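Dear colleague,

Please find the structure below, handed over for your reference. My findings follow it.

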Amino acid sequence: MRLRKLGDELAKCNDQAALWVSAKGDTVITCHLPIKTVSEANRRDHWAVKAKRAKSQRHTAAMLVPRFGLPCAVTLVRIGPKALDTDNLNGALKAVRDGVADRLGIQDNDPRVTWRYGQKRGPYGVEITLEAA
């Protein structure tokens, strides 16, 4: 899909997002969130530490992701120094997914939203892309 970037002033969204419009006129919003995600399945942290981390990730995602219409497709890309396998990737992004769902005003199992996952190397963060479906 070919995309063109809107003006820099319009493209800023919470100083972390870029707004794109496709050739068909569909809106695509990409946000980069400064969240460090870890493999929750392999961590042996105290339950309160895990709960605090999940609450922080969920709250950050809910506050920084812009509102978006339904139906849509949401792509969550974990950015980190090492790649995770698919089981750990889904677990690492669970709280972020819940935060995005909170922002959209839905449950995370709503059939109007398609969830996709990916990962790439770099300094810790999460890239969230919302596309009209």
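The buried residues of helix α4 (residues 94-104) are Ala-95, Val-96, Arg-97, Asp-98, Gly-99, Val-100, Ala-101 and Leu-104. Here, buried means under 20% relative accessible area, with a 1.4 Å probe and protein chains only. Because eight of the eleven residues of α4 are buried, this helix is largely enclosed by the rest of the structure. The cover over them includes α2, β4 (72-80), β5 (113-121) and β6 (125-132). Helices (H or I, at least four residues) and strands (E, at least two) are DSSP runs, numbered from the N terminus.

This is a predicted model: local features need pLDDT of at least 70 and side-chain atom pairs pLDDT 80 or more, while totals for chains, interfaces and linings use all residues. Residues are numbered from 1 along each chain as its sequence is written, and side-chain values use heavy atoms, without hydrogens and water.

Helix α2 (residues 47-64) packs against α4 at an angle of about 35 degrees, their axes being 7 Å apart. Axes are lines fitted to C-alpha atoms, for helices over the stretch in contact, and angles run from 0 to 180 degrees between N-to-C directions. In this contact (heavy atoms within 4.5 Å), α2 contributes Ala-54, Gln-57, Arg-58, Ala-61 and Ala-62, and α4 contributes Ala-95, Val-96, Asp-98, Gly-99, Val-100, Asp-102 and Arg-103.

Just after α4, Gly-105 has a positive phi of about 75 degrees.

Turning to the cysteines, Cys-31 is buried at a relative accessible area of 1%, and Cys-72 is buried at 0%.

With kind regards

Methods:
Buried means under 20% relative accessible area, exposed over 50%, partly exposed in between (1.4 Å probe, protein chains only).
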